Amino acid sequence: MHPEFVIEVSGLYKYFDQFCAINDLQFQARKGVTTALLGGNGAGKTTTIAMLLGLLTPSQGKIHILGEDMLQHRYRLLHRMNFSSPYVDLPQRLTIRQNLTVYGHLYRLPRLKERIAELAQALNLDTLLDKRYGQLSAGQKTRVSLAKSLLNKPELLLMDEPTASLDPDTADSIRSYLEQYQRDTGASILLASHNMAEVERMASDVIMMRKGQVVDTGTPDELLARYGRNNLEEVFIDIARHKESA
Amino acid sequence: MQDIHFSLRRIGAVALRHLYLMRSSWPRVLEMVYWPTVQMILWGFITLYLQGNSSLIAQASGLLLSGVLLWDVLFRGQLGIALVFMEEMWSRNLGHLFVSPLRPYEMVVSLLFMSLLRTLIGIGGATLIAIPLFQYSIYDMGLPLIAFFLNLIIMGWAIGLMVSGIVLRYGMGAESIAWVSVFAIQPLCAIYYPVATLPSWLQPVALALPASHVFEGMRELLLQHTFNVAHMQWAIGLNIVFLSAGIAVFLGYFRVARRRGLLLQVGE
């Protein structure tokens with residue numbers, strides 16, 4: 001394990017019956033920065049994130065997170081990481097406060113009430129705390145999911161399209177909050193997103209995936225130069241349509 | 001090899017999630033008491049009718065009511081596990097739960113606790129209502145009642161864990177198994193009639209079920225006022241096998257779910 005990296009993945013395969021969803025995946029993500037995991041639908045981003053979180057067992061390969069083998073020390077590592085996705089729900093009938101309380105206990109957090117109040121204030125949820133999760137708008141739900149993912153002050157945060165379905169104002173405030181969190185804590189973020197403007201703003205490194213493999217990596221500027229494009233959206237389309245770098 | 005570590009706080013967290021749910025919905029609590037009470041009332045009236053026509057019932061009027069209430073312990077125990085687990089599936093919460101440090105075996109302990117609580121509320125309510133309504137108290141059985149209760153709820157847990165594992169593996173399409181599975185063994189459990197009533201080829205099957213020994217023991221207690229230790233030993237021994245199998249099936253299917261990516265996909 002290289003101390004510079006928060007995630008090191010090597011020789012990773014995932015088969016679903018005969019279908020190979022992840023095919024000899026190799027990549028590293030640096031500590032303290034945001035790494036974007038990009039790729040078209042079916043490229044294997046969500047499968048990769050699920051394996052990094054221990055929700056999915058790899059068919060073969062190694063995953064090291066925060067210097068430890070994920071497959072051997074999953075539970076020790078899960079205390080130090082967290083996950084946010086608008087596609088994974090929290091219990092609808094519980095209030096925000098109840099949901100955050102349950103998850104705070106799962107992470108065995110000290111001073112849980114204070115932590116919930118702190119996050120609620122930071123994410124503009126303080127007036128909604130006693131509202132049921134199921135009664136919230138999409139934007140409010142995303143903020144709750146983010147609050148849940150920050151409860152344990154994770155050193156590594158995995159995010160699957162964190163600002164999907166949000167209006168530009170809310171999306172901007174969430175990005176700003178994440179940037180602030182990263183500056184304050186030195187946390188690392190792995191971000192799967194289809195929003196290229198978001199990636200250009202937040203990511204220091206980009207990993208491009210296609211058909212379960214890494215097809216290119218670099219900083220956003222390196223990728224723009226390599227493909228001779230003006231923005232990451234055009235690079236994304238080039239890669240998705242199998243065009244080679246310039 | 002993963003570290004083996006139990007956290008009461010994590011177990012409590014999952015239980016708390018379901019206690020919040022119960023607290024927020026009085027129909028859910030009412031539903032827990034409703035069916036055991038309806039069953040108890042029905043069999044209470046049948047008992048009143050038969051008392052004048054059957055020497056057996058006249059001899060031990062609580063025979064049918066004890067049977068129905070104790071059977072409900074097994075049924076509610078099983079249902080408590082399956083319902084609490086499926087609630088996580090319906091709410092698509094498994095993904096979040098299992099990216100937290102919650103271990104699957106801690107989840108199992110939470111399910112057992114919630115099932116115990118739901119069963120105590122449901123059956124407890126019905127047994128208390130039976131006292132003024134039919135002048136029948138199941139608590140007159142004394143200490144053996146605790147042994148009967150524990151053996152029946154453990155068998156219910158074993159079936160509930162197996163069913164939950166199957167639903168996790170095969171999806172909500174298999175949900176109906178949770179409602180009907182326990183009734184497949186009901187005729188073999190000797191609730192209202194002795195095992196000897198069954199055809200001889202079926203009796204070994206019945207005697208392989210912990211519940212049959214409990215109900216045989218219950219009948220002996222009510223009719224002959226003796227506590228049959230041998231039946232209880234059989235029930236305990238068989239329950240060790242049943243519960244071990246239930247936990248193994250649940251954890252086995254959980255590993256399959258991890259392999260097949262089902263923890264993120266399940267839901268309504």
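Select helix H3 (residues 96–106) of chain A together with helix H1 (residues 8–24) of chain B: the two pack at an angle of about 165°, their axes 7 Å apart. Axes are lines fitted to C-alpha atoms over the stretch in contact, and angles run from 0 to 180 degrees between N-to-C directions. H3(A) is therefore roughly antiparallel to H1(B) (an angle over 145 degrees). The model is predicted: local features need pLDDT of at least 70, side-chain atom pairs count only at pLDDT 80 or more, and totals for chains, interfaces and linings use all residues. Residues are numbered from 1 along each chain as its sequence is written, and chains are lettered from A in the order in which they are written.

Next, display the side chains at this crossing. From H3(A), select A:Gln98, A:Val102, A:His105 and A:Leu106; from H1(B), select B:Arg9, B:Arg10, B:Gly12, B:Ala13, B:Leu16, B:Arg17 and B:Tyr20. Contact here requires C-beta atoms, placed from the backbone, within 7 Å. These residues comprise five nonpolar, three polar and three charged, with Gly counted among the polar and Tyr among the nonpolar.

Then select residues 7–236 of chain A, where an unreviewed UniProt entry places the feature "domain: ABC transporter". This span is 37% helix and 27% strand, where helices are DSSP runs (H or I) of at least four residues and strands (E) of at least two. Its end C-alpha atoms are 23 Å apart.

Finally, turn to chain B, for which an unreviewed UniProt entry annotates "transmembrane region" at spans including 107–134 and 146–170. Residues 107–134 of chain B are 100% helix, with end C-alpha atoms 40 Å apart. Residues 146–170 of chain B are also 100% helix, with end C-alpha atoms 36 Å apart.

Definitions and conventions: Parallel < 35°, antiparallel > 145°, perpendicular 65-115°, else oblique. Contact = placed C-beta atoms within 7 Å. UniProt positions renumbered as here; feature names shortened; annotations may be inferred.
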